[in-house]
Amino acid sequence: MTENITSKDGTTLAVDTIGQGAPVILVGGAFNDRSTVAGLGAELAPAFTVVTYDRRGRVASDDKSDDYRVANEVDDLAAVIEHVGGRASAFGHSSGAILVLEGAMRGLPIDRVAVYEPPYCADENQPRPAADIYDRLTALVAAGDRDGAVELFLHEAVGVPAEAIAGMKAGAEWAFLADKASSLPYDVLVSAPWQLMPFDRLAAIGVPVLAVYGDQTAPNLAEGTKAVAAAVPGAELQVMPGEDHGVLQRPAALAQLLAKFLG
């Protein structure tokens, strides 16, 4: 069932609800919308009330703000939690993982947090994009250059080689990526890949946290996930054999881990 709810600044968010049981909110990362976490939601629905939503500026959710701020997306998550009764657990993938951690760090009523490969920078010696990637990205979005924004994000924030991006542009999936271009500044802001992860703030999280990564993923994603588990008191770390960052396309095993953690 799809419903429209209103966030603090008047932004309309499209929210899907399926299943029954304790509420769990699923939050996708860059280039994701509620459809990309739907498979995971279907796996969890027999035991949980699963809630997915289009993050602002994506698909059926608009964006009433005149600037990009992490607080906007935290307010959106708060609105979804309120919509499902005022408390919920949350799972986030990639930048969505950082968003749900941010919600916990800012005191939202989240009971349990599970994250898959949050793209934090855990090592000061790790190659990082320049901080002006945000300004260049927003300039491309403002100019209507969706392809350019996607290319910039993939190359500098994700580290995809230029020749691989050229191949992606020739594929059928490029239109899906370009459709999400206007929301990419939010992913960059919440992840802040030009700076080290907020170890001290993570250490203040007081709810149970599960951090998961695949053993076939990029080394920086594995290290970021391990660092979250090390920083949050009592956090649990799990490694998924044979998995990489595309785990949402194969959700069954991940759903088993989440169901056990969420109870």
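## Helix H8

In this predicted model, H8 is mostly covered, with eight of its eight residues buried (under 20% relative accessible area, computed with a 1.4 Å probe on protein chains only). Helices are DSSP runs of H or I with at least four residues, strands are runs of E with at least two, and both are numbered from the N terminus. The buried residues of H8 are Leu184, Pro185, Tyr186, Asp187, Val188, Leu189, Val190 and Ser191. They pack against helix H2 (70-83), H3, helix H4 (133-142) and H5, where contact means heavy atoms within 4.5 Å. Just after H8, alanine 192 takes a positive phi of about 45°.

Residues are numbered from 1 along each chain as its sequence is written. Local features of this predicted model need pLDDT of at least 70 and side-chain atom pairs count only at pLDDT 80 or more, whereas totals for chains, interfaces and linings use all residues; side-chain values use heavy atoms, with hydrogens and water left out.

## Aromatic cluster

Tyr68, Tyr134 and Tyr186 form one aromatic cluster. Rings of Phe, Tyr and Trp (its six-membered ring) pair if their centres lie within 6.5 Å; planes under 30 degrees apart count as stacked, over 60 as edge-to-face and the rest as tilted. The whole structure holds three aromatic pairs. One of them, between tyrosine 68 and tyrosine 134, is edge-to-face, at 6.4 Å centre to centre and 90° between the planes. This pair links distant parts of the chain, 66 residues apart: tyrosine 68 lies in the loop between strand S4 (48-53) and H2, and tyrosine 134 in helix H4. Both tyrosine 68 and tyrosine 134 are buried.

The ring centres of tyrosine 68 and tyrosine 186 are 4.7 Å apart with the planes at 65°, so this pair is edge-to-face. Here too distant parts of the chain are linked, since tyrosine 186 belongs to helix H8, 118 residues apart from tyrosine 68. Tyrosine 186 counts as buried because its relative accessibility is 2%.

## Pockets and cavity

On a 1 Å grid over the protein atoms alone, a pocket is an open set of points with protein on both sides within 12 Å along at least five of seven lines; a cavity is a set where a 1.4 Å probe fits but cannot get out, and lining residues have an atom within 4 Å of a point. The largest pocket holds about 1300 Å³ of space, a volume being the space filled by probe spheres set on points joined across faces, edges and corners. Its lining comprises 44 residues, with Phe31, Ser94, Leu154, Val158 and His245 nearest the centre. H5 gives the most to this lining, with five residues.

The second largest pocket has about 170 Å³ of space. Among its 15 lining residues, Glu102, Val190, Ala192, Gln195 and Pro198 are the closest to its centre. Helix H3 (95-105) and H8 each supply at least two residues of the lining. There is one cavity of 30 Å³ or more, with about 40 Å³ of space; Asp33, Arg34 and Tyr53 are among the residues that line it.

## Threonine 11

Threonine 11 lies in the loop between strand S1 (2-6) and strand S2 (12-19) and is buried, with a relative accessible area of 0%. Its side chain makes a polar contact of 3.3 Å with the side chain of arginine 56 (a pair of N or O atoms within 3.5 Å; within protein, one must be able to donate a hydrogen and the other to accept it, and residues adjacent in sequence count only if both atoms are side-chain atoms). The side chain of threonine 11 also reaches the backbone nitrogen of lysine 64 at 2.8 Å.

How values were computed: Buried means under 20% relative accessible area, exposed over 50%, partly exposed in between (1.4 Å probe, protein chains only).
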